[in-house]
Amino acid sequence: MRISYNWLKQFIKIDLKSEETAAILTDLGLEVEVVEKYQSVRGGLEGVVVGHVLTCEKHPDADRLKITTVDLGDGTPVQIVCGAANVAAGQKVPVATIGTKLFDKDSNEFEIKKGKIRGQESHGMICAEDELGLGTSHEGIMILDEKLKPGTPCAKVFNIENDEVFEIGLTPNRADAMSHMGVARDLRASLLQKNSNVELITPSVSTFRIDKRTLKIDVDVKDSKLAPRYCGVTISGVTVKESPEWLKNRLKAIGLTPKNNIVDVTNYILHDLGQPLHAFDAAKINGKIIVKTVAAGTKFTTLDEVERTLHEEDLMICDEKGPLCLAGVFGGKSSGVTETTNAIFLESAYFNPVSIRKSAKRHGLNTDASFRFERGIDPNITEFALKRAALLIKEVAGGEITSDIIDVYPKKIEDFPVFLHFEKANKLIGQELPKETIKKILASLDIKVTTVSDAGLGLIIPSYRVDVQREIDVIEEILRVYGYNNINFTKKLNATVANSARTEDYKVQNIVATQLNGLGFHEMMANSLTTPDYVGLSDMLKEEYNVMMLNPLSNDLSAMRQSLLFSGLEAVSYNINRRNGDLKLFEFGKTYHKLPSGYDEPKHLTLFVSGNRNAESWTNPQKPSDFFLFKGYVSSVLERLGINKIQNKPAASDVFAEGIAIASGNDTLVEFGTVKKSILKHFDIKQEVFYADFNWNLILKLIGSKIKFTDIPKYPEVRRDLALLVDETVAFDAIYNIARQTEKSLLKAVNLFDVYQGKNLPEGKKSYAVSFTLQDSSKTLTDEQIDKIMSKLLKNMENELGASLRQ
């Protein structure tokens with residue numbers, strides 16, 4: 001947002017340097033990003049003075065050139081060669097002296113230098129208006145008022161305006177500061193805090209009066225929720241023409257291009273008071289003004305000559321024949337002010353911010369008016385701004401006010417109350433501010449104090465402060481005006497040690513993430529928004545459970561994910577398509593479900609493995625990742641977290657071609673396996689992908705047990721191996737569980753180190769080579785004890801599994 005310093009000084013009389021004012025505004029939260037200089041004529045006519053042509057003679061060597069002597073007011077006339085046909089002795093003319101910098105029509109700078117033209121010296125240039133940037137004519141030199149004294153700077157003659165413009169990085173919540181009056185209001189509050197007695201000068205509308213009642217246009221507001229307030233007045237006998245220089249300079253300083261005096265006034269009031277206005281050609285209004293929505297699909301051509309298709313929620317300004325204007329956003333081509341306009345209907349309104357924002361986004365329009373309406377303007381300045389604009393239009397375009405002001409305001413938007421607790425303010429600010437200081441700051445912000453007690457203040461917040469509706473907002477206002485830099489801080493160094501449990505979510509995540517990184521995994525973060533169509537890839541997901549976006553960017557990002565599988569497969573597919581097929585990925589994230597009982601957001605840890613185990617190397621031949629390697633990764637996570645009271649069971653999810661679930665009691669901790677080819681095909685993945693889904697919330701509940709410590713054993717351990725012949729349907733888990741149940745105290749480890757199935761074995765049989773590690777912490781085991789244990793193990797396996805020793 002651009003703020004003119006000269007314009008700002010119309011509201012508040014200050015003599016501060018622009019750098020000082022910029023610093024104050026920045027401290028207030030209106031961050032000044034840059035201060036630029038502005039001149040109504042580029043270069044400011046610096047070095048251009050009034051010259052008196054004393055003599056004018058024909059150049060001896062050029063028919064179209066003349067040699068003049070010109071008095072520049074310093075007592076020493078200079079010779080200037082001039083090519084203008086209208087130059088003559090006795091004239092007062094603008095002269096660019098030696099060293100003056102001018103600009104051509106392409107804004108290229110050139111410097112006036114001493115030179116010779118056809119053998120005659122020339123000490124300057126007598127200028128035409130286009131050479132000075134004062135117009136476009138190049139028919140001859142400018143002839144000035146003969147009463148002007150030679151040597152008078154032309155910057156004074158032509159009232160060149162020099163200004164400084166603040167570029168303010170305005171935050172979206174500060175709708176009240178989107179005008180020169182709003183910025184001046186904040187500046188005044190800060191200066192009052194610094195004991196500088198300044199007043200806010202509000203433009204007077206006391207001279208507003210109705211000249212005639214000859215052109216009344218009725219207004220019918222159909223939906224007061226979308227248009228809570230609507231004002232209008234007619235002005236007749238106007239002349240649409242170029243605006244006066246002061247008005248053009250104001251607009252050009254802030255980067256606006258002047259159009260005509262009527263449009264320029266509406267733009268001026270928008271940046272002056274923050275109230276958008278719109279002027280309709282009264283002759284193009286059929287019947288009355290109707291503020292309403294229209295049928296979906298209605299065609300409407302805006303001022304930029306683009307035909308737009310209206311939505312049924314777009315608020316429109318219409319007459320009895322159809323739409324005239326997209327309310328609060330953009331005017332219509334058919335009702336705009338032109339050079340032939342002689343009567344206007346001037347609109348000033350307060351529209352619903354949400355409605356304006358939706359219409360602006362829907363049609364891809366971002367105007368100065370919509371920018372303010374959608375953030376919330378002051379609903380109680382509407383009529384005042386209308387009167388101010390009407391008086392300015394009469395001043396710059398003539399005419400008469402020919403109707404009463406129509407003000408449709410069925411339900412006044414009231415200021416809202418807030419109670420400020422002194423104790424809470426002091427606690428949040430970090431120090432106790434004097435109560436009188438707080439009251440003074442609040443008064444400078446137009447916040448009224450209605451009640452005073454030892455506990456706090458009852459306040460009424462002005463309706464234009466849409467961002468101050470809570471006690472915390474009021475405290476923020478006090479703090480920013482008091483000055484963050486004025487808050488004292490102690491030189492004492494304080495430190496606290498947080499007593500946090502080892503099992504806090506973020507700590508456990510860091511432990512697991514570090515472990516997975518060590519195993520070669522990379523962490524990924526996928527978008528929680530996805531396509532609702534993914535629910536069709538699994539019977540476990542339900543369409544009615546989808547949490548849908550109200551305003552999605554696209555259909556592909558219109559639902560919250562019910563599973564981390566599909567966003568993970570998108571990442572896998574993306575990498576494979578870029579020749580990165582050996583993948584180990586993990587993600588911590590939530591899924592989102594709309595259930596009959598409410599919304600659910602469970603947290604998960606997912607693992608993805610695909611491609612080869614390791615990078616290709618001459619010392620390490622490539623070997624593809626397999627199910628058992630992946631199972632090891634999954635088990636290592638549980639082991640690292642100390643979760644060992646678990647059992648295996650078939651996976652319930654239908655996303656696996658082969659899968660296993662690991663449970664604790666009746667609760668499933670993790671499901672993992674090989675993803676179905678039909679699902680992989682949907683993502684154009686042709687290689688095997690292993691996927692694991694941990695129930696992270698359940699895992700966090702199980703890791704709260706205390707860690708037990710034992711001494712390092714002093715006595716040696718003993719290993720015995722058995723080659724067991726079992727049925728091919730027997731899993732190693734069965735052997736492991738029987739061994740653990742048979743010998744609970746001395747058996748320390750059971751390990752499968754070889755599996756054989758095929759030649760020289762009976763049909764339907766396989767061989768497991770299993771090692772058993774035994775150890776006693778109090779003494780060395782004897783052969784007799786070891787043999788007894790091994791015999792017992794073999795006997796139980798024979799009885800329960802039909803196992804036998806392989807010969």
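E477 is buried, at a relative accessible area of 3%, where buried denotes under 20% relative accessible area, exposed over 50%, and partly exposed the range in between (1.4 Å probe, protein chains only). The model is a predicted one, in which local features need pLDDT of at least 70 and side-chain atom pairs count only at pLDDT 80 or more, while totals for chains, interfaces and linings use all residues. Residues are numbered from 1 along each chain as its sequence is written, and side-chain values use heavy atoms, with hydrogens and water left out.

The side chain of E477 forms a salt bridge with that of R480, with an N to O distance of 2.9 Å. A salt bridge is taken as a side-chain nitrogen of Lys or Arg within 4 Å of a carboxyl oxygen of Asp or Glu. R480 is also buried, with a relative accessible area of 5%. Helices (H or I, at least four residues) and strands (E, at least two) are DSSP runs, numbered from the N terminus. E477 and R480 belong to a network of salt bridges that also links R174, D176, D186, R465 and D467.

In total, 42 salt bridges are counted. One of them joins the side chains of K222 and D220 at 2.9 Å, N to O; K222 is exposed, with a relative accessible area of 54%. Another joins the side chains of D721 and R719 at 2.8 Å, N to O. D721 is partly exposed at 43% relative accessible area, and R719 is likewise partly exposed, at 47%.

K248 is located in helix α6 (residues 245-253) and is buried, with 9% relative accessibility. Leaving aside residues up to four places away in sequence, K248 touches E242, S243 and P258, contact being defined as heavy atoms within 4.5 Å. S767 is part of strand β42 (residues 765-774) and is buried at 4% relative accessibility. With the same exclusion of residues up to four places away in sequence, the contacts of S767 are L724, D754, V755, Y756, L761 and R806. The side chains of S767 and R806 make a polar contact at 3.4 Å. A polar contact is a pair of N or O atoms within 3.5 Å; within protein, one must be able to donate a hydrogen and the other to accept it, and residues adjacent in sequence count only if both atoms are side-chain atoms.

Strand pairing was assigned where DSSP finds at least two bridges between two strands. Strand β19 (residues 315-318) is covered on both faces, with L315 and I317 buried on one side and M316 and C318 buried on the other. In a regular strand the side chains alternate between the two faces of the sheet. β19 pairs with strand β16 (residues 289-293) in the antiparallel sense over four bridges, and K292 stands opposite M316. An antiparallel pairing over three bridges connects β19 to strand β20 (residues 323-326), with C318 opposite P323. β19 and β20 make up a hairpin, with four residues between them.

A separate description applies to an open sheet of three strands, ordered β29-β31-β30, with antiparallel pairing. Its edge strands, β29 (529-530) and β30 (547-548), each pair on one side only. β29 and strand β31 (residues 559-560) run antiparallel and are joined by two bridges, and M560 in β31 is the bridge partner of L529.

Grid points are joined across faces, edges and corners, and a volume is the space filled by probe spheres set on the points. The largest pocket holds about 1,100 Å³ of space. Its lining consists of 27 residues, of which K631, S635, N648, F732 and D733 lie nearest the centre. α16 contributes the largest share of this lining, seven residues.

The structure contains three cavities of 30 Å³ or more. The largest cavity has a volume of about 130 Å³. It is lined by 14 residues, and A175, D176, L273, G274 and D378 are the closest to its centre. D176 is also a member of the salt-bridge network that includes E477 and R480.

Key
On a 1 Å grid over the protein atoms alone, a cavity is a set of points where a 1.4 Å probe fits but cannot get out, and a pocket is an open set with protein on both sides within 12 Å along at least five of seven lines; lining residues have an atom within 4 Å of a point.
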